[in-house]
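Open the model in your viewer and follow the stops below in order. Each stop says what to select and what is there.

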Amino acid sequence: MSLIIYLDGNFVEEKDAKISVFDHGLLYGDGVFEGIRSYGGKIFRMEEHIQRLYRSAHALMLDIPMSQKEMMEVVAETVRVNSLQDAYIRAVVTRGIGDLGLDPMKCKTPTVFVIASKITLYPEELYEKGLTIQTVATRRNSPESLNPSIKSLNYLNNILAKIEANNTGGMEGLILNSEGYVVECTADNIFLVNEGTLLTPPISSGALEGITRGAVLEAAEFLGIPCAEPLLTRYNVYNAQECFLTGTAAEMIPVVKVDGRSIGSGEPGPITIQLRERFKEMTRTGGYRAYPSTEE
Ligand code: PMP
């Protein structure tokens, strides 16, 4: 079925949702984006996603031509016009149309589009059995070059890591920072369980401040599971009892093998399963309603 896309103030048919070849989002990856999820018509952590989008844009001196509140309404409206309940939403803001030089000053109006569609990242079976992942040679962008907190349209670093993972038979690529500490995977944060404590690399190591990451840390707090954010090495990963990844698209997925080493029992662990249940519950409650409530 053809989708309805929000593009620069209008809702248009998918076939008409076209942007210029002079758009700097395309020519230079100059722009920002968010991947957001709607569960049963409730948009999960909408405010946090939109805030992150505006923070990324601010870091690039890219002025999004609408307020955060208006952007949230555009996202909700895109879900509504497509009559979706469970959706994966992509909100994108580019620098807009310029000339062939890279000067962003020449781009007068940012391009804004929002797509609401579906996504299935991994088959259901892998949520039960767990992933096999592989460390890649490509390192995470360092804050001195392209700050990894900026969720920009330039994802080549992660794409190169994904290519490496594909080439080595890994379902995901484990990325280290330039100092050799574990950071995250190509589009997901990583968690370990060691002696009952939930561990995840700190944001300062180069990890994206994932919204699912934040939700899982809240879930752990709710369940009384202690959490810490220390620097982690591959040795810590290999010797953890449990490992899983988090991301808006992947949600929470167990990892059972890393670089040929079995993690814990080689099966998704009890804390992972418990957290996943709580996470699912969180996606069903709260959220920004795309449709008027019929419950109250
Ligand atoms: N790390 C990277 C590099 C990502 O692209 C993503 C997906 N946006 C994540 C982590 C997970 O973040 P979130 O839970 O906000 O989707």
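Select Lys151 and the ligand: a polar side-chain atom of Lys151 lies 2.6 Å from a nitrogen atom of the ligand. A polar contact here is a pair of N or O atoms within 3.5 Å. This is a predicted model, where local features need pLDDT of at least 70, side-chain atom pairs count only at pLDDT 80 or more, and totals for chains, interfaces and linings use all residues. Residues are numbered from 1 along each chain as its sequence is written, and side-chain values use heavy atoms, with hydrogens and water left out.

Next, select Ile211, where a polar backbone atom is 2.7 Å from an oxygen atom of the ligand. The protein covers 95% of the 390 Å² of accessible area that the ligand has on its own (Shrake-Rupley method, 1.4 Å probe).

Now show the whole shell: 17 residues surround the ligand, each with a heavy atom within 4 Å of it. Among the closest are Tyr155, Thr212 and Thr248. By class, the shell has four nonpolar, eight polar and five charged residues, with Gly counted as polar and Tyr as nonpolar.

Move to Arg52. An N or O atom in its side chain is 2.9 Å from an oxygen atom of the ligand.

Glu34 lies in strand β3 (residues 31–39) and Arg52 in helix α2 (residues 46–59), so the pair ties together parts 18 residues apart in sequence (DSSP runs, at least four residues for helices and at least two for strands).

Key
Polar contact = N/O pair within 3.5 Å; in protein donor to acceptor, adjacent residues only side chain to side chain.
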